[in-house]
Amino acid sequence: MTGRLSNKIAVITGAARGIGRATAIRFAEEGADIALLDIGRDVPGIPYAGARGSQLDEVRAEVEALGRRALTLTADVTNTAQINEAVATVAATWGRIDIAVMAAGIDSWASAWELTDEQWQTMIDVNLTGVFKTARAVSPSLIAQKSGALVFVGSVLSHRANKQFAHYTAAKHGVLGLMRAFALELAPYGIRANSVDPTVVKTDMVMNQAYLDRLGGHPGTTLDEAREYYLKWNTLPIPWCEPVDIANAVLFLASEEARAITGIALPVDLGALLK
Ligand SMILES: NC(=O)c1ccc[n+]([C@@H]2O[C@H](COP(=O)([O-])OP(=O)(O)OC[C@H]3O[C@@H](n4cnc5c(N)ncnc54)[C@H](O)[C@@H]3O)[C@@H](O)[C@H]2O)c1
């Protein structure tokens with residue numbers, strides 16, 4: 001198969017659903033084989049349901065239906081032994097790793113001065129330290145090959161703050177710095193690192209009732225109310241991105257079309273950062 005990622009080997013975290021899943025499918029459409037990594041269970045303290053292991057199997061079937069190979073890896077990105085073992089399995093199975101996409105992430109919310117130690121620590125552990133541990137785990141393979149691309153999934157909150165998201169904002173600003181550090185240190189080996197920084201995306205992370213109720217300030221907040229809110233948050237007259245909008249940007253940065261691009265943060269933000 002020819003494609004923009006023809007015969008590349010990609011590791012994608014958070015691949016059971018949402019942006020990770022959409023990226024896996026776009027990558028497979030463009031000729032890549034995909035290691036699909038996810039925790040596949042609820043993350044304690046997170047106010048919405050996590051992905052299920054069965055969803056990882058469904059994404060594997062979708063990738064295989066596109067004629068590409070897929071591996072499913074159940075691992076917690078915060079756990080050094082698990083993430084290292086998962087990445088070692090990919091390298092041992094397919095002999096190389098060309099691309100890693102760090103899309104695993106969580107959300108929770110509270111006023112900055114009311115965040116609990118647990119909310120703070122879980123957020124930093126998953127959305128910052130987990131991203132670091134994944135990038136660290138794949139780097140030796142890329143360095144050995146003297147090629148490859150890392151794509152970090154940040155957020156518009158890598159660039160600005162939002163009320164009730166101090167911990168998420170701090171973690172995502174951290175991802176921006178981490179991406180730049182990896183870009184700087186891996187460039188001598190011909191490896192690029194960039195981030196894609198979305199505004200709101202229609203995934204379970206934000207399209208769950210707990211999140212909607214926070215947004216509307218009352219129980220039973222509807223999708224129509226959320227649409228009105230987000231139309232004001234964004235600049236383009238579009239309420240939210242679809243996961244494939246983010247996957248297309250990740251695909252570009254992972255592909256050879258972006259061979260001259262490293263260390264950049266690409267907002268896919270419906271113009272939200274213009275405000
Ligand atoms: N949805 C949005 O509005 C939005 C906006 C900006 C940025 N993002 C970012 O995009 C990324 C993907 O989020 P999404 O919207 O697809 O959410 P999602 O909840 O649909 O998917 C996140 C996935 O990450 C997995 N995951 C969570 N903790 C994990 C862990 N410790 N180890 C391994 N896997 C874990 C979950 O099981 C889930 O499958 C996140 O980094 C998020 O912060 C999302």
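**Notes on a helix pair and a sheet**

1. From H1, the residues Gly18, Ile19, Arg21, Ala22, Thr23, Arg26 and Phe27 meet Pro243, Val244, Ile246, Ala247, Asn248, Val250 and Leu251 of H8. Sorted by class, this contact of H1 with H8 has nine nonpolar residues, three polar ones and two charged ones. Keep in mind that you're looking at a predicted model.

2. How do the two helices lie against each other? Two packed helices are described by the angle between their axes and the distance between the axes. Here, H1 covers residues 18–29 and H8 covers residues 243–254; they pack at an angle of about 55°, and their axes are 8 Å apart. That angle is why H1 and H8 count as oblique to each other. Their crossing is right-handed.

3. Now for the sheet. In what order do its strands sit? Seven strands make up an open sheet, running S3-S2-S1-S4-S5-S6-S7, with parallel pairing. At the edges you'll find S3 (70–74) and S7 (265–268), each of which pairs on one side only. Ignoring direction, neighbouring strands of this sheet are turned by 15° against each other on average.

4. S6 (residues 191–198) and S7 run parallel and are joined by four bridges. Proline 198 is the residue standing opposite valine 268 in S7.

5. Finally, what packs on the sheet? Helix H4 (residues 117–145) does, touching S1 (9–13), S4 (99–102), S5 (148–153) and S6. The direction of H4 makes about 170° with that of S4.

Technical notes. Residues numbered from 1 in each chain as written. Predicted model: local features only at pLDDT ≥ 70, side-chain atom pairs only at ≥ 80, totals over all residues. Pairing = 2+ DSSP bridges. Helix = DSSP H or I, 4+ residues; strand = E, 2+ residues; numbered from the N terminus. Axes fitted to C-alpha atoms, helices over the stretch in contact; angles between N-to-C directions. Contact = placed C-beta atoms within 7 Å. Parallel < 35°, antiparallel > 145°, perpendicular 65-115°, else oblique. Left-handed = near helix turned anticlockwise from the far one by under 90°. Nonpolar A, V, L, I, M, F, W, Y, C, P; charged D, E, K, R; others polar.
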